[in-house]
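Please open the structure in your viewer and keep the selection tool at hand. The tour goes stop by stop.

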Amino acid sequence: MNVCYKSGRVLLSQWRHTVLALPSVRTVRHSENFTFDWDKVPDTYEKERKQFEEFCEEVGEARINNNLKIENVEYTASQNAEEWKHVQHLVDLASPTFIPVPEKSDEVKPSGFYYPSAKPGDYPYYVRRAPSWLFPVYVGDYAKQNKKDKRKFVVTTIRRVDGDIFALRKDLDAFLFERYEREFICKVMEIAQKLIYRGNVEKDIKDFLRLKGF
Amino acid sequence: RMSGVREKALQYLREVPRLTHGNIRNLPGTRTPKKRGYGQNGKERGWGASARQKLHFGPLGYESGSTPIQRKTAFERSYNYGIHSVRQFPPLSLYQLQLAIDTNRLDVTKPIDMAALCGTGVFFLDPSKNQFGFNLSSDGMDLFKAKVHLEVQWADEQAIAAVERNGGKITTSYYDIHSVIAASDAFKFLKSGQPIPRRLTPPGNLLEYYINPANRGYLADPVMVEKEKEVLAQKYGYSISDKLDDRLLSFKKDPRQIFYGLEPGWIVSVQDKTIYKPKEADVKQIYTT
């Protein structure tokens, strides 16, 4: 069944297999599942001819009829507030909104999320949250500007570091040394406010930030 | 007064803590790019102009530059045959769900279905990539504490247990691709002015999944579903809360329904704030059966 997008009227398409033998015929598909069955395909010329003749009988004149009959379907218009509530809910979901701000409380939520408790000034540095209110720690491949360099390794980046970034690097190095008993190569980008550590140390850095309360 | 670029450069010099190789650039014109010569790029592409020069041959199977047949045809069969037509259910972990609830992106007082999940702007479905809905995975089942009324398209046993342990309700239901197109971007669909389609029944190879009460399928017998709840509770060692939540009971969806509260066949005009419903019985029948 085809529906006109603009007016919502139903276009009668008389090509389909008819189900109801009423004066105003609504055509419905034989089955709503789109399956292909090789057994139903006629394998001889006679069988195919027979199927075609049956089809012609069924459909009749409509097979050659090129005019599509646009029928007016009767409808009722309702402005019920109860029903509109459900539509409004869907409309509101799509309307542009600010990212929701989490509650300012000390509790740690079940997923491990908490509102930052540290204040700028507590430490020589401050790591701000991302706009999504999550930690600005990201893991990715190291991409060099010079494409001839074929080295590939994974790096962890901490972004949005205010204050003395070298102090944070020192603290992080000590924290990681305590855990892994080895040093990690780190690139300090003071102006870009980020630290890039070689290796996937995302979990450890997030633990460090949690300890500090960022 | 100096020009903008100079002013910016001098201001940069004032602000920057130190000058390194990364800050300084050569004066324009001092570094010239390396010029490529001829040779391989010349007229004969390195294969010589005269008979004497053409005594060098290419490798075996060389076809004067076009990709040789022994390179074009693969030795191995295709391991991805039919990958474009396979039905996908991208995973949605319990941890992600809990995080969305904790950061106030999802409203727990309302039912969470595909439209609600895609409406957060954090979970995405792309029907053009054959993605038929969300697959609730059990990653984060130990920390899942929310009480939700959830409707997903696939769920594994432990994820179901995690949701029901907290007193929530979970059902798995099938959305055919046109229903997914409607539900994944509900506002876009409503703006298009199409009548809300009816959800089709699952195809043969998925029907078994959605009839099974162990999967909390929407086509399963509700009595069997309750039994399976008890079985699962015993298996994982928690108790189901006896008090029935009225709020959760009121959120019901017909197997043919895509959106809560809106029936198939209705046309929604967002601009006029009206809903057009068909009057005739046989039109209604097509949408509701």
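The stops below cover the interface, a salt bridge, one phenylalanine and the cavities.

This is a predicted model, in which local features need pLDDT of at least 70 and side-chain atom pairs count only at pLDDT 80 or more, while totals for chains, interfaces and linings use all residues. Residues are numbered from 1 along each chain as its sequence is written, chains are lettered from A and ligands numbered from 1 in the order in which they are written, and side-chain values use heavy atoms, with hydrogens and water left out.

**Stop 1: the interface.** Select chain A and chain B together. Contact (heavy atoms within 4.5 Å) involves 43 residues of chain A and 52 residues of chain B. About 4,000 Å² is buried between the two chains, 63% of it from carbon and sulfur atoms; buried area is the accessible area (1.4 Å probe) that two parts lose on being put together, summed over both.

Next, select B:Arg18 and A:Glu190. They form a salt bridge with the closest N and O atoms 2.2 Å apart; the term stands for a side-chain nitrogen of Lys or Arg within 4 Å of a carboxyl oxygen of Asp or Glu. Between chain B and chain A the count is two salt bridges.

Now colour the side of chain B that touches chain A. Its elements supplying at least two residues each include α3 (94-102), α7 (186-192) and β7 (274-278); helices (H or I, at least four residues) and strands (E, at least two) are DSSP runs, numbered from the N terminus. The largest share, five residues, comes from β7(B).

**Stop 2: a salt bridge in chain A.** Select A:Asp162 and A:Arg128, whose side chains meet in a salt bridge (3.1 Å, N to O). A:Asp162 lies in strand β8 (residues 161-163) and A:Arg128 in the loop between β5 (125-127) and β6 (137-141), so the pair ties together parts 34 residues apart in sequence. Over all chains, the whole structure has 18 salt bridges.

**Stop 3: B:Phe251.** Select B:Phe251, in the loop between α10 (246-249) and β6 of chain B. Leaving out residues up to four places away in sequence, B:Phe251 touches B:Thr109, B:Lys110, B:Pro111, B:His149 and B:Tyr260. For a distance check, pick B:Phe123: its C-alpha atom is 22 Å from that of B:Phe251.

**Stop 4: the largest cavity.** Select A:Pro102, A:Glu103, A:Ser105, A:Glu107, A:Lys109, A:Phe113, A:Tyr114 and A:Tyr115, which line the largest cavity. A cavity is a set of points on a 1 Å grid over the protein atoms alone where a 1.4 Å probe fits but cannot get out, and lining residues have an atom within 4 Å of a point. About 40 Å³ of space lies in this cavity, the volume being the space filled by probe spheres set on the points, which are joined across faces, edges and corners.

Terms used. 1 Å grid on protein atoms, 1.4 Å probe; cavity = no way out; pocket = protein on both sides within 12 Å on 5 of 7 lines; lining within 4 Å.
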